[in-house]
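Hi,

Here is the structure I promised to pass on to you.

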Amino acid sequence: MESLEVVVGRIGKPHGIRGEVTVDVRTDEPERRYVDGAVLQAEAPRGSAFAARTLTVARTRWHQGVLLATFAELADRTAAEAARGVVLRAVVPADETPADPEEFYDHQLVGLAAYDTEGTALGEVVGLVHGAQDLLRIKTPDRREALVPFVSALVPEVDLAGGRVVIADRPGLVTPFPDDEAEQ
């Protein structure tokens, strides 16, 4: 069966002296991705001397809203410090979906056709931008790119089976503002 790698976090600073680290969680399902014994792919930042390709979750706990993780390969604070900035990925079956029906993996959304609420084609989802607010990247038929906040008010429908997303478009969101000259 085909599988995909999904980013689930990034290692932050060491916590204590026994190799425990903070994790900047990048998944809505940390309880599913950081189970004891889970093997995660490890990608060191450019210029890092960190050499491990995988890390095995030994133990996790939450402390003041921050995930603290102990990995079998990080025995002490020195090893934990060397792992700072490492991006963690989980390997998941290509057909796996998040447990929450309102959540989606990036690869499920890329390639979906985008339509407005009237059924007019707006373009195609070509990617996502993650940050404080996730954004859908829409490539329009005239080759422009628009960023649409991925919130239910603006994206009221995601139909994976139908291969489409519905966007509550308004001037300036995906379709451009009308030309000033056209209004005169």
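Glu-81 sits in helix 2 (residues 77–82); helices here are DSSP runs of H or I with at least four residues, strands are runs of E with at least two, and both are numbered from the N terminus. Please keep in mind that this is a predicted model: local features need pLDDT of at least 70, side-chain atom pairs count only at pLDDT 80 or more, and totals for chains, interfaces and linings use all residues. Residues are numbered from 1 along each chain as its sequence is written, and side-chain values use heavy atoms, with hydrogens and water left out.

With a relative accessible area of 35%, Glu-81 is partly exposed; buried means under 20%, exposed over 50% and partly exposed in between, using a 1.4 Å probe and protein chains only. The term stands for a side-chain nitrogen of Lys or Arg within 4 Å of a carboxyl oxygen of Asp or Glu. Arg-84 is partly exposed too, at 41% relative accessible area.

How many salt bridges does a search of the whole structure find? The search gives 11. One of them joins Arg-89 and Glu-5, with 3.9 Å between N and O. Arg-89 belongs to strand 6 and Glu-5 to strand 1 (residues 3–14), so this pair ties together parts that are 84 residues apart in sequence. Glu-5 is partly exposed, at 46% relative accessibility.

Another salt bridge links Glu-20 and Arg-61, whose closest N and O atoms are 3.0 Å apart. Glu-20 is in the loop between strand 1 and strand 2 (21–25), while Arg-61 is in strand 4 (residues 54–63), so parts 41 residues apart in sequence are tied together.

Asp-116 lies in strand 7 (residues 113–116). Asp-116 is buried yet has no salt bridge, and the nearest side chain of opposite charge, that of Arg-164, is 8.1 Å away; for charge, Lys and Arg count as positive and Asp and Glu as negative, with His and the chain ends not counted. What does the side chain of Asp-116 have 2.9 Å from one of its polar atoms? That is the backbone nitrogen of Thr-120. Leaving out residues up to four places away in sequence, Asp-116 touches Leu-122, Val-166, Ile-167 and Asp-169, where contact means heavy atoms within 4.5 Å.

Strand 5 (residues 66–71) is next. Five of its six residues are buried, so the strand is largely enclosed by the rest of the structure. Strand 5 runs antiparallel to strand 2, with three bridges joining them; strands pair if DSSP finds at least two bridges between them. Thr-22 stands opposite Leu-68 of strand 5. Six bridges join strand 5 to strand 4, again in an antiparallel arrangement, and here His-63 stands opposite Val-66.

Strand 4 and strand 5 form a hairpin with two residues between them, and Gln-64 in the turn has a positive phi of about 50 degrees. Gln-64 is exposed, at 75% relative accessibility. Arg-143 likewise has a positive phi, about 70 degrees, although it is not a glycine. Arg-143 is found in the loop between strand 9 (135–139) and strand 10, and is exposed at 66% relative accessibility.

Finally, the aromatic rings. The structure holds one aromatic pair. Phe-104 and Phe-150 form it, tilted, at 6.3 Å centre to centre and 45 degrees between the planes. Rings of Phe, Tyr and Trp (its six-membered ring) pair if their centres lie within 6.5 Å; planes under 30 degrees apart count as stacked, over 60 as edge-to-face and the rest as tilted. The pair links distant parts of the chain, 46 residues apart: Phe-104 is in the loop between strand 6 (87–93) and helix 3 (106–109), and Phe-150 in the loop between strand 10 (145–149) and strand 11 (157–159). Phe-150 is partly exposed, with a relative accessible area of 22%.

Best wishes

Conventions
A polar contact is a pair of N or O atoms within 3.5 Å; within protein, one must be able to donate a hydrogen and the other to accept it, and residues adjacent in sequence count only if both atoms are side-chain atoms.
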